[in-house]
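Here's a quick walk through one chain, written for someone who likes to check atom pairs. Have the viewer open while you read.

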Amino acid sequence: MSPLNTNDLHQIFKNLDQNGDGFVSLAELELLLERIGMQSTQEELESVSGKTNLDLLDFESLYDTIKQKTGGENQDGDGDKELENDLVEAF
């Protein structure tokens, strides 16, 4: 599977933003991460993002941060692909 691009992330964001206000709450994001097997609290997400609600640019930035962190943990270099596959599979 090819890496997630901006359009993919936009579609995931749109699916998460169920009330259509242009923001994803950390509670909504926490549910997505749980769905793909990544345990994280709202407090941890706020610590990483510095915000309680994310717009699309914040969401993309947070994705990049998570991608970097998970990619560094996997010795065979499949961390990025695994995260991307999980996010796509969640939707």
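Aspartate 58 counts as buried because its relative accessibility is 18%, and the cut-off for buried is under 20%. You'll find aspartate 58 in helix 4. This is a predicted model, so read every distance here as a property of the prediction.

What does aspartate 58 form a salt bridge with? The partner is lysine 51, with the closest N and O atoms 3.2 Å apart. Search the whole structure and you get one salt bridge. The pair also shows up as a side-chain to side-chain polar contact at 3.2 Å. Is lysine 51 buried or partly exposed? Lysine 51 has a relative accessible area of 35%, so it goes down as partly exposed. Skip the neighbours within four places in sequence, and aspartate 58 is in contact with Lys51 and Asn53.

Aspartate 55 sits in the loop between strand 2 and helix 4. Its relative accessibility is 27%, so aspartate 55 is classed as partly exposed. The side chain of aspartate 55 reaches two backbone nitrogens: that of leucine 57 at 3.2 Å, and that of aspartate 58 at 2.8 Å.

Leaving out residues within four places, it is in contact with Phe13, Gly22 and Phe23. Valine 24 is 31 residues away from aspartate 55 in sequence, yet the C-alpha to C-alpha distance is 6.4 Å.

## Asparagine 5, ahead of helix 1

Asparagine 5 lies in the segment before helix 1. At 38% relative accessibility, asparagine 5 counts as partly exposed. Which backbone nitrogen does the side chain of asparagine 5 reach at 2.8 Å? That of aspartate 8. The backbone nitrogen of asparagine 7 also lies 2.8 Å from a polar atom of the asparagine 5 side chain.

## Glutamate 60

Glutamate 60 is in helix 4. Why does glutamate 60 count as buried? Because its relative accessibility is 17%, and buried means under 20%. Setting aside residues up to four places away in sequence, glutamate 60 touches Thr6 and Leu9. The C-alpha atoms of glutamate 60 and phenylalanine 13 are 8.9 Å apart, for a sequence separation of 47 residues.

## The nonpolar core

In soluble globular proteins, nonpolar side chains tend to be buried together. Here the largest nonpolar core has 17 residues. Those with the most contacts inside it are Ile12, Leu16, Leu29, Leu45, Phe59 and Leu62. Helix 1 (6-16), helix 2 (26-35) and helix 4 (56-73) each supply at least two residues of this core.

Take leucine 29 as a place to look around. Beyond its neighbours within four places in sequence, leucine 29 is in contact with Leu16, Val24, Leu45, Leu54, Phe59 and Leu62. The buried residues of helix 2 are Leu26, Glu28, Leu29, Glu30, Leu32 and Leu33. After helix 2 comes glycine 37, with a positive phi near 90 degrees.

## The chain overall

Now zoom out. The chain has five helices and two strands, and from the N terminus on they run α-β-α-α-β-α-α. Of the 91 residues, 32% are buried. The accessible surface comes to about 5,700 Å², with 44% of that belonging to carbon and sulfur atoms. Among contacts between residues at least 6 apart in sequence, 56% join residues at least 24 apart.

The chain averages a pLDDT of 79, and 73% of the residues score at least 70. Which element has the lowest mean pLDDT? Helix 5 (residues 79-90), at 60, while strand 2 (residues 53-54) has the highest, at 94. Where pLDDT is low, the predicted coordinates should not be read in detail.

Note on methods:
Residues are numbered from 1 along each chain as its sequence is written. This is a predicted model: local features need pLDDT of at least 70, side-chain atom pairs count only at pLDDT 80 or more; totals for chains, interfaces and linings use all residues. Side-chain values use heavy atoms; hydrogens and water are left out. A nonpolar core is a set of buried Ala, Val, Leu, Ile, Met, Phe, Trp, Tyr and Cys residues joined through side-chain atoms within 4.5 Å. Buried means under 20% relative accessible area, exposed over 50%, partly exposed in between (1.4 Å probe, protein chains only). Helices (H or I, at least four residues) and strands (E, at least two) are DSSP runs, numbered from the N terminus. Contact means heavy atoms within 4.5 Å. pLDDT is the predictor's confidence in each residue, from 0 to 100. A polar contact is a pair of N or O atoms within 3.5 Å; within protein, one must be able to donate a hydrogen and the other to accept it, and residues adjacent in sequence count only if both atoms are side-chain atoms. Accessible areas come from the Shrake-Rupley method with a 1.4 Å probe; for residues, only the protein chains shown count as cover. A salt bridge is a side-chain nitrogen of Lys or Arg within 4 Å of a carboxyl oxygen of Asp or Glu.
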